[in-house]
Amino acid sequence: MSDIKLKIIDREGVLHEVDAPTDMNMNLMEVVRSYELAPEGTIGICGGMAMCASCQCYVLSDHQLPEKSDDEEAMLSEAFFVKDNSRLGCQIHMTDDLDGLEVELAPAED
């Protein structure tokens, strides 16, 4: 098993340092859900299909991430609280090169 370290700031401003497996094809939204860093029903509402922005986060570290897909771009163009460093957590898949990734969860839309 290969794990990477992530730093995730939840919606209350609390920093969590977590381990994320790279061998389970998980994405950032699933990692957040597995550690219960957001209240149930407030993140990953669409199940990780880039059809909602409930898993929007702000990438704080300088990691090289894959380009945004057209679906991700479209969803972020309709989302609230979007910043230049906004990404959908469901579109960030855990890989070894993301070790040390730092993100902050965007505020819930309600």
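Biologist: How many aromatic pairs does the count come to, and at what angle do the ring planes of Phe80 and Phe81 stand?

Modeller: In this predicted model, the count comes to one aromatic pair. The rings of Phe80 and Phe81 have their centres 6.3 Å apart. Planes under 30 degrees apart would count as stacked and those over 60 as edge-to-face. The pair is therefore tilted, with its planes at 50°.

Biologist: Are Phe80 and Phe81 buried, partly exposed or exposed?

Modeller: Buried requires under 20% relative accessible area, and exposed requires over 50%. Phe80 has 47% relative accessibility, and Phe81 has 43%. Phe80 thus counts as partly exposed, and Phe81 likewise counts as partly exposed.

Biologist: Over the ring of which residue does the charged end of Lys83 sit?

Modeller: A charge sits over a ring if NZ of Lys is within 6 Å of the ring centre and within 35 degrees of the ring normal. The charged end of Lys83 is 4.3 Å from the centre of the ring in question. That ring belongs to Tyr58.

Biologist: How many salt bridges does a search of the whole structure find, and which residue pairs with Lys5?

Modeller: Side chains of opposite charge can pair when their charged atoms come close. The search finds two salt bridges. In the one that involves Lys5, the distance from N to O is 2.7 Å, and the partner is Asp19.

Biologist: Which strands does the pair of Asp19 and Lys5 tie together?

Modeller: The salt bridge joins the side chains of Asp19 and Lys5. These residues belong to parts that are 14 residues apart in sequence. Asp19 lies within residues 15-21 and Lys5 within residues 3-9, so the pair ties together strands β2 and β1.

Biologist: Which residue forms a salt bridge with Arg87, and in which helix does that residue lie?

Modeller: The side chain of Arg87 meets that of Glu72 at 2.8 Å, N to O. Arg87 is in strand β4 (residues 86-88), so the pair ties together parts that are 15 residues apart in sequence. The residue is Glu72, and its helix is α2 (residues 70-78).

Biologist: With the side chain of which residue does the side chain of Ser61 make a polar contact?

Modeller: Ser61 lies in the loop between β3 (56-59) and α2, where it counts as buried at 14% relative accessibility. Leaving aside neighbours within four places, Ser61 is in contact with Gly100, Leu101 and Glu102. A polar atom of the Ser61 side chain lies 3.0 Å from the backbone nitrogen of Glu102. The side-chain to side-chain polar contact, at 2.8 Å, is with His63.

Biologist: The backbone nitrogen of which residue lies 3.1 Å from a polar atom of the side chain of Ser54?

Modeller: Ser54 is found in the loop between α1 (28-34) and β3, and at 10% relative accessibility it counts as buried. Apart from residues up to four places away, Ser54 touches Arg11, Thr42, Ile43, Gly44 and Ile45. The backbone nitrogen at the stated distance is that of Ile45.

Key. Residues numbered from 1 in each chain as written. Predicted model: local features only at pLDDT ≥ 70, side-chain atom pairs only at ≥ 80, totals over all residues. Heavy atoms only, no water. Salt bridge = Lys/Arg side-chain N within 4 Å of Asp/Glu carboxyl O. Helix = DSSP H or I, 4+ residues; strand = E, 2+ residues; numbered from the N terminus. Buried < 20%, exposed > 50% of the residue type's maximum accessible area, 1.4 Å probe, protein only. Polar contact = N/O pair within 3.5 Å; in protein donor to acceptor, adjacent residues only side chain to side chain. Contact = heavy atoms within 4.5 Å. Phe/Tyr/Trp six-rings, centres within 6.5 Å; stacked < 30°, edge-to-face > 60°.
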